Amino acid sequence: MSIAPSKSVLPKSVDARKLVQREQYLEGILPLESLGRLREAVESVEGEVVADIQFGRDLQNHLTVSGKVSCTVDLLCQRCLHPVREQLEAQFCWGIVWSEEQGKALPKDLDPVIQDSDELNLHQILEDEILLNLPMVAYHDAECVSKDSFHVGEKESEAGEQRENPFKVLEQLKGSSGKS
């Protein structure tokens, strides 16, 4: 019986230019300690956050990074307020640039990622991709709360009782002040 080797931890920062020149392929996991915003946005992260990343150039010679990042998270169901498990897989295709002007010149199929220093914070931009792929509203697929427990509007008064006028007190005060 052989045990599959565990994936290595992806480096926090990389020099995208060097990796593009080598057409580098990276595969590994992101440590949960470096994903604080994700941990705050979900109830919990189950298992590992795994990423597959390919560095290269497109036909127009743009520096590109493509791949996917996937994980399993528990979110709060907006119907019953219990955890619901979601499998997330974010596909991405980035164009590495050094300014916003360069980012505006990229083709529409490339999302601009600005490398503002010598190193690109890989953990941060992969976390951004996961956060962008979280569902806006989480809920169980099966009916987790009975439809009978939802009430729309006011309940009808029993036996045709007439509701008391909330302005009756004001009417009495107006009458007692002597003004008609």
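## A tour of the predicted model

Of the 180 residues of the protein, 33% count as buried, where buried means under 20% relative accessible area with a 1.4 Å probe and protein chains only. This is a predicted model, in which local features need pLDDT of at least 70 and side-chain atom pairs count only at pLDDT 80 or more, while totals for chains, interfaces and linings use all residues. Residues are numbered from 1 along each chain as its sequence is written, and side-chain values use heavy atoms, with hydrogens and water left out.

Next, select aspartate 52 in strand S3, residues 44-57. Aspartate 52 is buried yet has no salt bridge, and its nearest side chain of opposite charge, lysine 68, is 4.4 Å away, whereas a salt bridge needs a side-chain nitrogen of Lys or Arg within 4 Å of a carboxyl oxygen of Asp or Glu.

Finally, select Val113, Ile114, Leu120, Ile125 and Asp128, which lie nearest the centre of the largest pocket among its 13 lining residues. Strand S6 (111-114), strand S7 (120-121) and helix H4 (122-132) each give two or more residues to this lining, and H4 gives the largest share, 4 residues.

Technical notes. 1 Å grid on protein atoms, 1.4 Å probe; cavity = no way out; pocket = protein on both sides within 12 Å on 5 of 7 lines; lining within 4 Å. Buried < 20%, exposed > 50% of the residue type's maximum accessible area, 1.4 Å probe, protein only. Lys, Arg positive; Asp, Glu negative; His and termini not counted.
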